[in-house]
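Q: Before we look at anything, could you walk me through how the features of a model like this one are read?
A: Gladly; we shall go from domains to chains to strands.

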Amino acid sequence: MNDNLIDIPNYLDHLRRLDQRMFRRDFLLTWHKTDRELEAVITLAEILRALYRSNISCRVFETGLAVSFFRDKSTRTRLAYASACDLIGLTVQEMEEEKSQISHGETVRETANMISFLSEVIGIRDDLFLGRGHRFMSEVADALTGGFEEGVLNHRPAVINLQCDLDHPTQTLSDLFHLRKYFGGLENLRGKKLAMSWAYSPSYGKPLSVPQGIIALMSRYGMEITLAHPPGYELVEDIIKLTGENSERSGGSFSVTDDMKKAFQEADVVYPKSWAPARVAAQRTELAGKNDVQGLKELEKEALAENAKYKNWLCDEKLMKSTRNGEALYLHCLPADVQGLNCAQGEVTMGVFDKYRIETYREARYKAFVIAAMIVLCRFRDPARLIERIFRDRNHRAG
Amino acid sequence: MNDNLIDIPNYLDHLRRLDQRMFRRDFLLTWHKTDRELEAVITLAEILRALYRSNISCRVFETGLAVSFFRDKSTRTRLAYASACDLIGLTVQEMEEEKSQISHGETVRETANMISFLSEVIGIRDDLFLGRGHRFMSEVADALTGGFEEGVLNHRPAVINLQCDLDHPTQTLSDLFHLRKYFGGLENLRGKKLAMSWAYSPSYGKPLSVPQGIIALMSRYGMEITLAHPPGYELVEDIIKLTGENSERSGGSFSVTDDMKKAFQEADVVYPKSWAPARVAAQRTELAGKNDVQGLKELEKEALAENAKYKNWLCDEKLMKSTRNGEALYLHCLPADVQGLNCAQGEVTMGVFDKYRIETYREARYKAFVIAAMIVLCRFRDPARLIERIFRDRNHRAG
Amino acid sequence: MNDNLIDIPNYLDHLRRLDQRMFRRDFLLTWHKTDRELEAVITLAEILRALYRSNISCRVFETGLAVSFFRDKSTRTRLAYASACDLIGLTVQEMEEEKSQISHGETVRETANMISFLSEVIGIRDDLFLGRGHRFMSEVADALTGGFEEGVLNHRPAVINLQCDLDHPTQTLSDLFHLRKYFGGLENLRGKKLAMSWAYSPSYGKPLSVPQGIIALMSRYGMEITLAHPPGYELVEDIIKLTGENSERSGGSFSVTDDMKKAFQEADVVYPKSWAPARVAAQRTELAGKNDVQGLKELEKEALAENAKYKNWLCDEKLMKSTRNGEALYLHCLPADVQGLNCAQGEVTMGVFDKYRIETYREARYKAFVIAAMIVLCRFRDPARLIERIFRDRNHRAG
């Protein structure tokens, strides 16, 4: 894998030609974006990373707030968002439901306006309840459009999806960035076999957004995708349909199986990861809405029992041997449930994880640049010209 | 309402002529400030807002901390403070009682010094207990003066009142800013009729600082103010007295009534809002001091029952019709208790709130600039010259 | 005490001659650093402080994160770290165990890498459990070295010890800075008598890091050190041994006594402060590891009873009279247990504390500059040249 610095002027030329239309818009779902827009994100992320590594300051804001709103625990996305915002000169202001008055009957429209008077971006993680996260982000986005059109807001901040119930675009675009580096270009993904597979975890209820986001995104690049999961662990139907359409258009393929082994057979890339059955996720949303603690407990018990039937859904050495030359690239959004390391039985054996540990760290390191690229594309009319000036000025970031 | 950009050089000239003396001082209560000082805050806030809207960076600090200390929940003031500090280049450091050792027997004097070595401003919200908030802020201010005079502190940070038990100056000055824009100048407030009225809310114990701050401030501009509340909901006596004196001096008028309808009659501006009886607030302070949980519960029950007698204190369409041409401007510091939206019975009907929704959002958007203006006036000897340079240099804030 | 501004060019010359090797390393324990390295920290801290006081911006980073990880409450170190990072242009990102997924089975190695992609420094406080804090920091440091060597990280962030179970270098170097100012130079510490003494506190279980750090550090400068504590309150054996060796090498002396009075006799400097017996600290670590709540309660009860035997270990006027001319300098890391102020019986009487109150505030004010100096030394290959440019450019920090 080559991690040399890229030729920045070349990339800037390329960015200039990608006539994307993201100014004053949001980044909520990859499938709402054109191929050119996604390429603009990846291209600009590459440029920002190269500038950073060359000790050139990427500060495009002298002042400005970046609000964040995490409705779930987060280490790496929180850090990636903080890093991205800091990289371009924005100050993160974390909103917390219990510290704010949001829970006190304020409407989403009001809150969205109140936090946006001097804000450039609102980053939201809301992934716990199926049917809610994306809807909430859309409501915020609509409120901002309203506030801007009504003349309340001086400009239109961008809403960035830091993981919702449907998609996790900052993660999947980092994964795509990683694959692009690993295989030497997006065009080399064509025909590569990807196994997106459920794997056993001792915890139930992990979001569906990563597997959904992965199949919906990678199917645009001509990959041959197999989605594997036990019966009952189906993903959201619309996204399955969308993935099929993407595959057809891109000349790839898409199939679903209940056999992990079959999915791994001759795979170039494997992504074994636990998620909750959509049915369980939906039921949890309903029970949580009614604040039914007893019902939630029973659901957890039942879901864990169901999970336990599939402990053999494990990414181990034997399974990895069946992949292309026994050397498929292992992907994971981290943290993984590593058998013998942080759980008795999990998604992956220690041996397999260790072999790919450094690769998974590399996979993670692109996220901050992806987020920074999204923000710059959503907030500036002519990002290429802006970055060109940054590159020309060559102000030191450190020292 | 005209929201065109102002003529900055004109405003700078005006600011220069207002020989205020706020350098090295605090902003705790509007009634500790001269008319010229208040006008300096509003004038500078206008200038900062115009610079911001013209994409000119208002960064007057390269580095420096802005401590914040919120002893109550807050969304908009927290965001406004964060926005203000970021706008001028300061980094907010939030102090939290449970994370710090403040509760561990440290004195206010010691803490005030310890958090101020490289700090420019200490923003405090302490509004829950009558008789405490302003006293606490004054203690912090005295400690900073001491620390500066003793040579412990390199400079004297400013204490900014982000809402205390007596006043809420960043809110009321934003309200004043809004009225000034709405009526086309402070001088046009003369003779305008303002109804500051209690209104029913399903929650008890809201601070008195907004109604007190509003009558104490607006009475300086020749307004004809009627304060309306049910018997028992009296405000702090000193502030009533002060308001009377202000009205006399400014050529306005001030009266108190227990009839909401009377207050709204031919009003130009109405501000219907719930607050706790001073007696209840004082009792709560006492019970909280003794950590009397049972007593607090009983007080709440009793206060809610008392509140419930006045459910007809509601700002509805009928009442609004009785105002000047049926078109009085509705003010609220937000969030409002909107009947049918976030409560069954509340301060205002959905119809009235909806009609003025955008105006209330506008009212809110000035707060960050008011806070930034306060800080700059308290921290620089010659703010006009400083801002003149900022305006001349025209460094881009974004891009 | 002279607090005039220093001659910056002179100090820069001096810094240049101290060929320290801290670039790409950490600051964990003072005894891992050479005398020249410690002098570099103090010298650079002096320079940064002088620049700050001359309103010259010390911003050496345009962007960059400073992660902080506090596993214990903190007011002054938290503020000092925030101030230090802000002073040089870094943005603090606080990690909290409950908000992050660290507790969810992630390895230290993984977390360390994940939070470091765009970070310059990781500041850690982990002082509660004997045998853990330093070990944890070392693991983080090793993980960062690994990540950098594996090409995962673009650069090697510095780990800064903000208090561990063994040492509290940012505190003790601030204390050293204070002594240096007070006595007019490090060379004047030679032969001065220092009493590091246990004192009674109504709380049990305070860390051992301050007394350990003080004797280990001050013994390098030829001081005559007496460590006093009741039987059972021994410090960690290795550090006692190390202190003896330091004293021998520096031409000072070191003795241990169980008599507070003897330690104070003719002392030039006294540092009366409570700490837990190492045995109790170790037991607490074990019980906490097993989550043995009952055992912890019993240990607390037993330890408080033991403490109570030594209520006469109090720094009072009488004891102070026995020091050199009755005028020994009183040191404390704050907050102190001041008898009659924040406790019924404590470490020091109100009279003594009041006499030295301003001195203790001065002692505290150097910490931010010490931390900033550590970071700059660990993150730049040629700090003297860097600061020379800063001094030459003379960019205003404020205004």
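Q: Which domains does the assignment give for chain A?
A: Domain bounds come from an automatic or database domain assignment, and for chain A this gives domain 1 (8-167 + 367-393) and domain 2 (184-364). The model is predicted, with local features needing pLDDT of at least 70 and side-chain atom pairs counting only at pLDDT 80 or more, while totals for chains, interfaces and linings use all residues. Residues are numbered from 1 along each chain as its sequence is written, and chains are lettered from A and ligands numbered from 1 in the order in which they are written.

Q: How many residues of domain 1 of chain A are in contact with domain 2 of chain A?
A: Two residues are in contact if their C-beta atoms, placed from the backbone, lie within 7 Å. Here 15 residues of domain 1 of chain A touch 18 residues of domain 2 of chain A. The domain 1 side of this contact has five nonpolar, three polar and seven charged residues (nonpolar being Ala, Val, Leu, Ile, Met, Phe, Trp, Tyr, Cys and Pro, charged being Asp, Glu, Lys and Arg, and polar the others, Gly among them). The centres of the two domains of chain A, taken over C-alpha atoms, are 27 Å apart.

Q: What does chain B bring to its contact with chain A?
A: Chain B contributes 30 residues and chain A 30 residues. Helices (DSSP runs of H or I, at least four residues) and strands (runs of E, at least two) are numbered from the N terminus. On the chain B side, α3 (76-88) and α13 (350-364) each supply at least two residues, and α3(B) gives the most, with six residues.

Q: Which rotation superposes chain B on chain A?
A: Copies are superposed by least squares on the C-alpha atoms of residues with pLDDT of at least 70 in both. A rotation of 120 degrees with 0.0 Å of shift along its axis places chain B on chain A, at an RMSD of 0.0 Å, which is the relation of a three-fold axis. In chain B, the C-alpha nearest that axis belongs to T91(B), at 4.8 Å.

Q: What is the order of the strands in the open sheet of chain C?
A: Two strands pair if DSSP finds at least two bridges between them, and the four strands of this open sheet follow the order β2-β1-β3-β4, with parallel pairing. Because β2 (91-95) and β4 (158-164) of chain C stand at the edges with a single partner strand each, one side of each is left without a neighbour in the sheet. Six bridges join β1 (residues 65-70) of chain C to β3 (residues 119-126) of chain C, and A66(C) stands opposite V121(C) in β3(C).
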